[in-house]
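Here is a short report on charged side-chain pairs. Look at the structure first, then read on.

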Amino acid sequence: MDNELIVIDNAVVSYREDIALRGVSLKVSKGEFVGIIGPNGAGKTTLLTVVNGLGKLLEGKVRVLGHYLTPGNGHSLRKRVGYVPQVQNIDPRMPICVREVVMIGRYGILGLFRRPGKSDYEIVDEALELVGMSHLTQRPIGHLSGGELQRVSIARALAQQPELLLLDEPTASLDWKAQSDILELVKMIHNTRSLTTLFVTHDLSCLPVTCDRVVLMKEGIIWGEGSPGELLTDDNLSRLYDMPVSVVQSRREKAVPVHQ
Ligand code: ATP
């Protein structure tokens, strides 16, 4: 069986006049946990979009879960790929509860006209339990904290029973405690569900403890890739972010960036 779940070969993606990816090649093996970092506008979200079958390739080839992406097959791919976007602001009047939001993760598999059955509710409740939200299943989605909302978003992705999990800055705008809790949760889910995970983050401190491999992106290219220990040096990070950054080892053995 093919061990490479993602093979991106020289992908070029543009949004009208802006080129977001300028010939990106990347391979990710089954079971890997890969962190993607880089400055704003580096192309990180666009890279996830390509893996998720939503990016329009100008050049190159992308094979995900054994299938080459074509303009027509993104939909069937997305049933097998869980996607967790950045924390979003939700209108508190939104009339939908936590359990219903997580059920949305089942609709890709159910199709538009089939109603969820007992097994779908079991899958949803199991996902809610895994993310520690069983006590809030009937709470309106607009009445949650940022950290709780992110847990629901992760549960929705898990309800799809994905083989591949993509997370786009899942800890952005959360406080330190919530960030650390979400990271531990994501790592636990990656391990217990034997997933392959791509994780975009601006939180450099989490990379050594969560990721097997780090991909550094800048200006639409992959600027470096390797183990966190090899790549997260003062020199590399300072050149990546065009400003002095130094990496300090904390007592928890995380690399903590200090802007000088
Ligand atoms: P950030 O860290 O700020 O989220 P990023 O590394 O995820 O950035 P992308 O969102 O992939 O970067 O954007 C890469 C480039 O593509 C940027 O120049 C951005 O302005 C452009 N871009 C992204 N999405 C669109 C869009 N929908 N329409 C036009 N240009 C876009």
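## Salt bridges in the model

Glu 32 and Arg 213 are both buried. This is a predicted model. The two side chains meet in a salt bridge, at 2.8 Å from N to O. The pair links distant parts of the chain. Glu 32 sits in the loop between strand E2 (18-29) and strand E3 (33-37). Arg 213 belongs to strand E9 (residues 213-218), and 181 residues separate the two. A network of salt bridges links Glu 32, Arg 213 and Glu 225.

A search of the whole structure finds 10 salt bridges. The table includes three of them.

| Pair | N to O distance |
|---|---|
| Glu 32 and Arg 213 | 2.8 Å |
| Arg 193 and Glu 126 | 3.3 Å |
| Asp 181 and Lys 177 | 2.7 Å |

Next comes the pair of Arg 193 and Glu 126, whose side chains meet in a salt bridge. Arg 193 lies in the loop between helix H6 (176-192) and strand E8 (196-200), and Glu 126 lies in helix H4 (residues 118-130), so the pair ties together parts that are 67 residues apart in sequence. Arg 193 has 27% relative accessibility and counts as partly exposed. Glu 126 also counts as partly exposed, at 48%.

Now turn to helix H6. Asp 181 and Lys 177 both lie in this helix. They are four residues apart, about one turn of the helix. Their side chains form a salt bridge. Asp 181 is partly exposed, with a relative accessible area of 24%. Lys 177 is exposed, with a relative accessible area of 56%.

Key: Residues are numbered from 1 along each chain as its sequence is written. This is a predicted model: local features need pLDDT of at least 70, side-chain atom pairs count only at pLDDT 80 or more; totals for chains, interfaces and linings use all residues. Side-chain values use heavy atoms; hydrogens and water are left out. A salt bridge is a side-chain nitrogen of Lys or Arg within 4 Å of a carboxyl oxygen of Asp or Glu. Buried means under 20% relative accessible area, exposed over 50%, partly exposed in between (1.4 Å probe, protein chains only).
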